[in-house]
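Hi,

Here is the model I promised to pass on.

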Amino acid sequence: MPQYVQDRLNIYDAILFLQGLGNTALLCVCGLGLGLLIALFVGLARASRVRWVSWPAGLYIEVVRDSPLLMQLYLIFFALPLLGFQVPVFVAGVATLMINSSAFMAEIVRAGIQSVGRDQWDASRSLGMGYIQAMRWVVMPQAFRIMIPPGVGLLIGLIKDSSVISVIGYLELTRVGQILTEKTFLSFQVFGIVAALYFFLCYPLSRVALYAERRLKASG
Amino acid sequence: MRTRGWWGGALAIACVIGLLVPALGLAGEATPAAQAGTDTLQQVIKKGELTVGTFDFYPPWGFRDAQNNIVGMDVDVAKELAGDDVLKVKLTLVPVPTTQDRINFLLSGKIDVAISNFTATLPRAKVIDFTDPYVVDGVGVIFRKDLKIGDWKDLNNKRVAVTTGSTGEILVKKLAPQAKLLQFDQASTALLAVQQNKADAQIEDYTYTVYHAGRDKNLAFLNKPLDFQPYCFGVRKFDQEWLNYLNFFIYRLQQSGKMKALYKQWFGAEPFHVSPTW
Amino acid sequence: MHGYTFQFRDVLLELPTLLDGALTTLHISVLTLLISFVVGTLGALCRMSRLPWLRVPATWYVELIRNTPLLVQLFFIYFGFSQIDIQVSSYTAGLIGLVVNNAAYLTEIIRAGIQAIHKGQFEAGYSLGLSFPQLMRYVVFPQAFRVIYPPMSNQFIGIILWSSLVSTISVQDLALRGKELASTTFRSFETYAVVTVIYVVMTFAISATLKVIGYRVFRRPA
């Protein structure tokens, strides 16, 4: 039988690695960007003192946080089409990351808001500020500083978790790793490179978290 | 605060069960007749695009070449299908990541047809439809040379690596019930386990065992392919026009001698007879 | 779409198998937490040490693990060990992988907990003539534990969910049982729905219990 397995990595494989890196970055920017936006609203709702606002938010957070990312991805990609909603692979990946990050981030937003003393809130309201004004000018700027370290940690976690999206065939970093392992059987070299590329994506962020933590400690 | 957390969680569980199960249950009540209108053949012609699910990790059926294009025998068959005198549509290949995903990709409408060394089995045929076979393979065993494996029974008390959901997994449970199963997502991971002495043997399609035993001098294969494995195209149920079309396409592919030529090109051997001799 | 009929019967019949998998998931998660706690404590002490040959490797260990995916780490451990001729079972490799991963996170959690303690406490302890282990045992840990407990509970929930990745190296946990069942019944959607519910019930029950314990134990100011 003719031979088809290639025994070393070539220039096309290098291009594929870069493509995977780019796709992982794109997926994370879209998914986590949208997730942060939603988290802001869910977190505000969760921190609300009005029950019918805070309960649904709490429910959303609880359901998403207690189920594995993989299962959420499967339900979105494979089960939604059965109910009549066709979901392309990129959209499914972005939606999963968005839902997952929004739930975890919402808890961080809530903790941030609640860490700002109630007297601050009462004071700004008594100055005649509306809800939005008080949030925008008094509570959020203070809460934001507290949210940065855990928030960045969460982002790093989700960049790594985005590797799960390889199972639906999206050409991101882990999937590239799989393809090239199947192609060359050089598992260690390939996964070594994959690990290094994830490190390249995540390490700068973890430096940011460390820096923010130090600043926070110095000023607080 | 504390009580809210409690109730939120309890409500969460109630909602997951409450929403998910009835929602799926209700959808299930839609009768097949209501959806019998889906005609993939017409849709393919209208879109001008044929989406085929193949493998990109299973040489020589479907794999990546040096430039990382998907090539292989199944890919050539798909090209024939798209470029056929009638269809003449653009071919889009969707690499299906694992063996068990082929059915998921079909059912969720991600692909029009699965051409991916897909063995038709009766249990699978309860969920999707298969065309007539276009080629035939068997089930094989690949193992480290230092082991004495001459028959399927010899696999008892050995560590046997399989791909989750493959026909091999089902067969080994039946033929060597005392074998210790190790399940992996990918055939290549299972093979790696054998090469690294984490498993004693791997069950895969016969052509796969021949191919990889030829690559690695520490490996041998059992020259006793078991079971008649008809490879068919997979399509969704209640898609009769499409199924008829594909069956006729396969008939033409065999009759014109094209199929035999392709097999020789990729395997360097004569194909098994597709229709068993009885 | 396309005439698919949902049917849960085949999946629910195999519920005992799934629950058996859930037990494996719990088992490996609890062991991971316990061992990681010990390793993480050592890691945190190293990370705060004044000796560079303790501090630098510990810092790099934490950074390396926290910035690469668990899936890749598991793969390296499972297949990497045989490169140096050590054979470990899937379960052991999975456990080691999860511990190596989670110990890095626990190192950071415990470090933050210890650093949250006021400097004066250390000084007071030393001036009372306590040795370093005594200081840690009687002064630092009891207080640090209060700070550590909530993030550690979250970490435990994380471990349960992440442990589903050990199914890729053939550990028969809930996720693998699910995959197996999906591929024998061909009822993937139904199976994954049921598996998801089991995960949610399991993690919710545990996080609720941990909350109650936390409330009971730490309600009184120490």
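Below is what I found in it, chain by chain and then residue by residue.

A word on the ground rules first. This is a predicted model, so local features need pLDDT of at least 70 and side-chain atom pairs count only at pLDDT 80 or more, while totals for chains, interfaces and linings use all residues. Residues are numbered from 1 along each chain as its sequence is written, and chains are lettered from A and ligands numbered from 1 in the order in which they are written.

Let me start with confidence in chain B. The mean pLDDT there (the predictor's confidence in each residue, from 0 to 100) is 83, and 86% of the residues score at least 70. A contact here is a pair of residues whose C-beta atoms, placed from the backbone, lie within 7 Å. Helices and strands are DSSP runs numbered from the N terminus (helices H or I, at least four residues; strands E, at least two).

Now the chains themselves. Chain B has 9 helices and 13 strands, whereas chain C has 9 helices and 0 strands. Of the 278 residues of chain B, 47% are buried; in chain C, buried residues make up 46% of 222. Buried means that 20 or more other C-beta atoms lie within 10 Å of the residue's own, exposed means 12 or fewer, and partly exposed is in between, again with C-beta atoms placed from the backbone. The C-alpha trace of chain C spans about 75 × 50 × 30 Å along its principal axes. If you take the contacts in chain C between residues at least 6 apart in sequence, 77% join residues at least 24 apart; for chain B, the corresponding share is 69%.

How do chains A and B meet? In the model, 30 residues of chain A are in contact with 34 residues of chain B. On the chain A side, the elements giving two or more residues are α1 (11-47), α2 (51-65), α3 (69-82) and α7 (173-184). That side divides into 16 nonpolar, 9 polar and 5 charged residues. For this count, Ala, Val, Leu, Ile, Met, Phe, Trp, Tyr, Cys and Pro are nonpolar, Asp, Glu, Lys and Arg are charged, and the others, Gly among them, are polar.

Leaving out residues up to four places away in sequence, Ala201(B) touches several residues, among them Val141(B), Phe143(B), Leu155(B) and Val194(B).

An open sheet of 3 strands runs in the order β2-β3-β4 with antiparallel pairing, where strands pair if DSSP finds at least two bridges between them. The edges are β2 (57-58) and β4 (70-71), each with a single partner strand, so one side of each has no neighbour in the sheet. Strand β3 (residues 62-64) and β4(B) pair over 2 bridges, and Phe63(B) has Val71(B) as its bridge partner in β4(B).

The loops of that sheet are worth a look too. Pro60(B), in the loop between β2 and β3 of chain B, is joined to Pro59(B) by a cis peptide bond with omega of about -5°. Asn68(B), in the loop between β3 and β4 of chain B, has a positive phi of about 70° although it is not a glycine. Asn68(B) counts as partly exposed because it has 18 C-beta neighbours inside 10 Å.

Cheers

Methods:
Contact = placed C-beta atoms within 7 Å.
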